[in-house]
Amino acid sequence: MTTTAATPATAAPGSGLSTLASSSTFPLADPDTLLAKDGTYVTYGTTVGAGTGARCGATGRLYVPVLVHGSGSSVGMADCASHDALPSGPGAWAEPGGAVWAPGVARFGNRFFMFYTASRKGSGQKCIGRAISDSARGPFQNQGEWACPDAGRWALDANPFVAGGNLYVTYRDDAIASGAETGISTVRTDSEGRAIWDTRRDMLKSTDITWDTAKISGGTHVVENPAMWKAADGDWYLMYSGNNWDSARYSTGIARCGATPLPGSRCTPIREGVSRPFFGYTGSAGLNPIRGLPGNHQGPGGMDVFDAADGTARVVWHWWNGSTRFPMTGVLTRPSTGFLVS
């Protein structure tokens, strides 16, 4: 397995990449990272084809590619795929042989719960499935369709997290919006990861911000790829992506949600977050973000927060080179002026 450690060697002179951040040459979109039982880190992502990316154990088409890397406080990032976490594919509810997008995984008790996006069989509607495994690396066993809104609205980009002994899932939920607008919801689950729908809360809508529609192509006003985490100030925060995924403009917003992961009202974008993304590409093709990111690559999105073994907050995200997306990890801190990734 080829890995890139989080050491000064990760940064080439003049690259702009911090000495704490690590990047990968494996083409992986919508990454999600967690700490496995054996102390290594596992990063999942969207389906890749048989000839895509370097391999260190995995072969053929990978429905949910797995990159294994780092340990302890050194998270790093791998350059090769070692496993397919969902080798049986998206399940009988989905289009046979169809792709899996944006898998999110959380350890709940002694098991790992995956929520992923696929196209519903017969309609192409984007919906969310559920799968469970005893190992972070899989194989995960499909448990069927998890969320598929009425009237053909989409549900996608599910991201599970644990709080107060309960499992929650945050996801893009177009059922709470209409027309070209989109939204984000959070719901608590039971012990098997099944949604308890009367706990669902609206977290954010595309109408809450304006930068999601800046210079867009297409008609959809996108807020998606959400992630929830509890910061040191005791409040819960929501990260989310907006604008066109295949552009330099795809960026990351942050909203404050208050003292509970199921707030009574929608989360509030922080700083100038209504008109500007919090993290993004700082070049002229970007959207004037509040902060840049290590490497200052175009189109940084799909950002997810996870805890390292030493308890520090880390993030994983992808960036876009004009045709392909690649994953990175970094350290998330909270200086007096707001959040920072290094």
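Student: Why is Thr-40 called buried?

Tutor: In this predicted model, Thr-40 has a relative accessibility of 16%. Buried means under 20%, so Thr-40 counts as buried.

Student: Where is Thr-40, and which residues is Thr-40 in contact with?

Tutor: Thr-40 sits in the loop between strand E3 (32-35) and E4. Setting aside neighbours within four places in sequence, Thr-40 is in contact with Leu-34, Leu-35, Val-68, His-69, Gly-70 and Arg-137.

Student: How far apart are Thr-40 and Phe-326, in sequence and in space?

Tutor: They're 286 residues apart in sequence and 20 Å apart in space, going C-alpha to C-alpha.

Student: Now Lys-215: why is Lys-215 called exposed?

Tutor: Exposed means over 50% relative accessible area. Lys-215 comes in at 58%, so Lys-215 counts as exposed. Its place is the loop between strand E17 (201-205) and strand E18 (223-230), and Lys-215 has a positive phi of about 60° although it is not a glycine.

Student: And Asn-225, buried or exposed?

Tutor: Buried: the relative accessible area of Asn-225 is 10%, and the cut-off is under 20%. Asn-225 lies in strand E18. Its phi is near 50°, a positive value in a residue other than glycine.

Student: What makes strand E20 largely enclosed by the rest of the structure?

Tutor: Count the residues: 7 of the 8 in strand E20 (residues 251-258) are buried, so the strand is largely enclosed.

Student: How do you know that E20 pairs with E19 and with E21?

Tutor: Pairing takes at least two bridges. Strand E19 (residues 236-242) is joined to E20 by 7 bridges, and E20 to strand E21 (residues 268-269) by 2. Both counts meet the cut-off, so both are pairs. Each of these pairs runs antiparallel. Leu-238 has Ala-255 in E20 as its bridge partner, while Arg-256 stands opposite Thr-268 in E21.

Student: What makes E10 and E13 edge strands?

Tutor: The open sheet has 4 strands in the order E10-E11-E12-E13, paired antiparallel. Strand E10 (101-108) and strand E13 (141-147) each pair on one side only. Neighbouring strands here are turned by 25° against each other on average, direction ignored.

Student: How many bridges join E11 to E12?

Tutor: There are 8 between strand E11 (residues 111-119) and strand E12 (residues 126-133). In this pair, Ala-118 stands opposite Cys-127 in E12.

Student: Which residues touch the most other members of the largest nonpolar core?

Tutor: Tyr-44, Leu-86, Met-114, Tyr-116 and Phe-140, out of 23 residues in that core. Strand E4 (41-44), strand E6 (65-69), E11 and E12 each supply at least two, and E11 gives the most, with 4 residues. Another core, of 21 residues, lies apart from it; its members include Met-239, Val-305, Trp-319 and Met-328.

Student: Which peptide bond is cis, and what is omega there?

Tutor: The one joining Gly-138 and Pro-139, where omega is about 5°. Pro-139 is in the loop between E12 and E13.

How values were computed. Residues are numbered from 1 along each chain as its sequence is written. This is a predicted model: local features need pLDDT of at least 70, side-chain atom pairs count only at pLDDT 80 or more; totals for chains, interfaces and linings use all residues. Side-chain values use heavy atoms; hydrogens and water are left out. Axes are lines fitted to C-alpha atoms, for helices over the stretch in contact, and angles run from 0 to 180 degrees between N-to-C directions. Buried means under 20% relative accessible area, exposed over 50%, partly exposed in between (1.4 Å probe, protein chains only). A nonpolar core is a set of buried Ala, Val, Leu, Ile, Met, Phe, Trp, Tyr and Cys residues joined through side-chain atoms within 4.5 Å. Contact means heavy atoms within 4.5 Å.
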